[in-house]
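Here is a brisk tour of strands, sheets and helix packing. Have the sequence and the coordinates open while reading.

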Amino acid sequence: MAKKEFKAESKRLLEMMVNSIYSQREIFLRELISNASDAIDKMYYRALTDDAIQFNQEDFYIRVHADKEARTITIEDTGIGMNEAELEKNLGTIAESGSLAFKKENEAENGHDIIGQFGVGFYSAFMVADRVVVDTKPAGSNEAYRWESDGVEGYTIEAGSKQETGTTITVYVKENEEEESYDEFLDESHLQSIVKKYSDFIRYPILMNTEVQKPKEDDSEEIETVTEEKTVNSMVPIWRKNKADLTEEDYNNFYHEKHYGFDEPLKHIHINVDGAIRYSSILFIPETTPFDFYSKEFEKGLELYSSGVLIMDKSPDLLPDYFSFVKGMVDSEDLSLNISREMLQHDRQLKSIAKNIKTKIKKELQNMLKNERENYEKFYESFGRQLKFGVYNDFGQHKDDLKDLLLFHSSKEKKLVSLAEYVERMPEDQKYIYYATGESIDRIEKLPQTEMVKDKGYEILYFTEEVDEFAIKMMREYEGKEFKSVSSGDLGLESEEEKKESEETASEHKEMFDRMNELLGNKVKDVRISKRLKSHPVCLTAEGEVTIEMEKILAQMPE
Ligand code: ADP
Ligand code: MG
């Protein structure tokens, strides 16, 4: 049987695609600029093998200009251009990517910086345009062409009048509708912010008109506002620069430019990986807690770039929750994007990057704890709680990643100590890691339960945050030493002999304890003689896993 080809209602297809695959209209500019960059890249690669083509860096640029009166945006490039057949093929066929074909042809040597691959990005212009005109003159030819379409009734190709090699795309911005305004896309400063957001690291200059204030040339010392054409993109991303050439200030500037935070970051981590998956990343550990950090509104995530073009503002999958305070970005050319280039097709690559990043952050924090204690404590002040939540969540799954990063106040030193430090100086006969919970250090110090433990010369960790005790319950032990609350039933301080002695004393006073139990009724479970008291007559203790403090917290939780 002869196979028939699918027919597609291209009008419908175009409409569907344009309006459903992209989450934001503004990305049309990202797509057109990416195409312009690809076109210049192709010139560059062509020049490597074709002597007839010269590639002088200065001759290559992308120019973006808006005209409010004419309601147009033009994107002009000095790239390779298109001949008639290419116009037909690349802009007349949805999902036909000349760039992907180019990349495949040149795979071995070069071409991996080329962005295009799906053959749909161009049509995103119709999200804001009711007419698009493409004027193009291919490299090495004297002919120019004009392609034109309203995105509904098909397209036309005719002879054009473009003088220089390259392509100019004119986007006729839609008239405002009742509830939709398109005017923002005619505002050059708004366009500039879109360029900055998505296309800042396009490797060719993007020229735009900007208003600058200047002293007048007539020496009158007056300032005037003039319009000047300027390169608006940074071009070379800081993460592609050599670490040795970058200063702390460069990283801090990047941190502020990207609005990662208002503070000065405590630490930056610059990663370049050239393994099975290639990626670069710059991460920051901030100093201060963002105001919404411990609220539901806070969104974790890193910026995700594919070959220098922003794909996602906040990719949450790149960071585990317990490192959600980390800010920064990842750029990789090895991601398989979905058609809108806003999401990934496989998260395999992302997972592997995320795992790698997690290890680097952990190492950096460990180094900080070891070598820059003061800085680490600043960090811990802001984000320590998040680490403890990390130990507690998912049934303590991450405790091994985090246990060495935890710090607590202690009875021995009026500062934060790590569990390693605690265990290191434990006397030989001490079996447990002791802790006491309370609202504040002051309050804990006054707890009768702490006296005996301290008398023994044992150190006590002070838990002042609700999450503390829950977290160590998940850990159960550290280096084989179990955690023990000073208010738990058996503190493990007495020898067998001492235990027997207390039992005897207890039975001698049985009558009195029975009477006390009777009077208190079911307010307490039992009244017993205690060996742990020194200067206080009585104290409360709990039996089993849940301590009194935990009970209080659990009682407050919503059902
Ligand atoms: P993609 O970029 O994913 O290939 P597009 O729909 O954005 O898909 O573009 C389709 C094709 O049109 C490109 O692959 C390229 O061959 C061609 N093209 C688009 N814009 C230009 C341009 N400014 N200069 C030269 N060729 C272009
Ligand atoms: Mg494209």
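Two strands pair if DSSP finds at least two bridges between them. Strands (E, at least two residues) and helices (H or I, at least four) are DSSP runs, numbered from the N terminus. The model is predicted: local features need pLDDT of at least 70, side-chain atom pairs count only at pLDDT 80 or more, and totals for chains, interfaces and linings use all residues. Residues are numbered from 1 along each chain as its sequence is written, while chains are lettered from A and ligands numbered from 1 in the order in which they are written.

**The five-stranded sheet**

Strand S11 (residues 302-306) pairs with strand S13 (residues 327-332) in the parallel sense, over four bridges. Tyr305 has Asp331 as its bridge partner in S13. Both strands belong to an open sheet of five, ordered S9-S10-S13-S11-S12, with mixed pairing. Strand S9 (267-274) and strand S12 (309-315) stand at its edges; each has a single partner strand, so one side of each lacks a neighbour in the sheet. From one strand to the next the twist averages 15 degrees.

**The eight-stranded sheet**

Another open sheet has eight strands in the order S5-S4-S3-S6-S2-S1-S7-S8, again with mixed pairing. Its edges are strand S5 (155-159) and strand S8 (223-231), each with a single partner strand, so one side of each is left without a neighbour in the sheet. Here the twist averages 25 degrees from one strand to the next.

| Pair | Sense | Bridges | Partners |
|---|---|---|---|
| S1 (residues 62-67) and S2 (residues 72-77) | antiparallel | six | Arg63 and Glu76 |
| S1 and S7 (residues 206-215) | parallel | two | Ile62 and Ile206 |
| S3 (residues 129-137) and S4 (residues 145-149) | antiparallel | five | Asp135 and Arg146 |

Helix H2 (residues 27-49) lies across S1, S2, strand S6 (166-173) and S7, at about 20 degrees to S2. Helix H3 (residues 84-92) lies across S3, S4 and S5, at about 165 degrees to S5. Angles run from 0 to 180 degrees between N-to-C directions, and axes are lines fitted to C-alpha atoms, for helices over the stretch in contact.

**A covered strand**

Strand S16 (residues 433-437) has five of its five residues buried. Ile433, Tyr435 and Thr437 lie on one side, Tyr434 and Ala436 on the other. S16 pairs in the parallel sense with strand S19 (residues 481-485) over three bridges, where Tyr434 is partnered by Lys484. Four bridges join S16 to strand S17 (residues 460-463), also parallel. There, Ala436 stands opposite Tyr462.

**A helix pair**

Helix H8 (residues 373-396) packs on helix H13 (residues 466-475) at about 45 degrees, with the axes 8 Å apart.

Technical notes. Buried ≥ 20, exposed ≤ 12 C-beta atoms within 10 Å, placed from the backbone. Contact = placed C-beta atoms within 7 Å.
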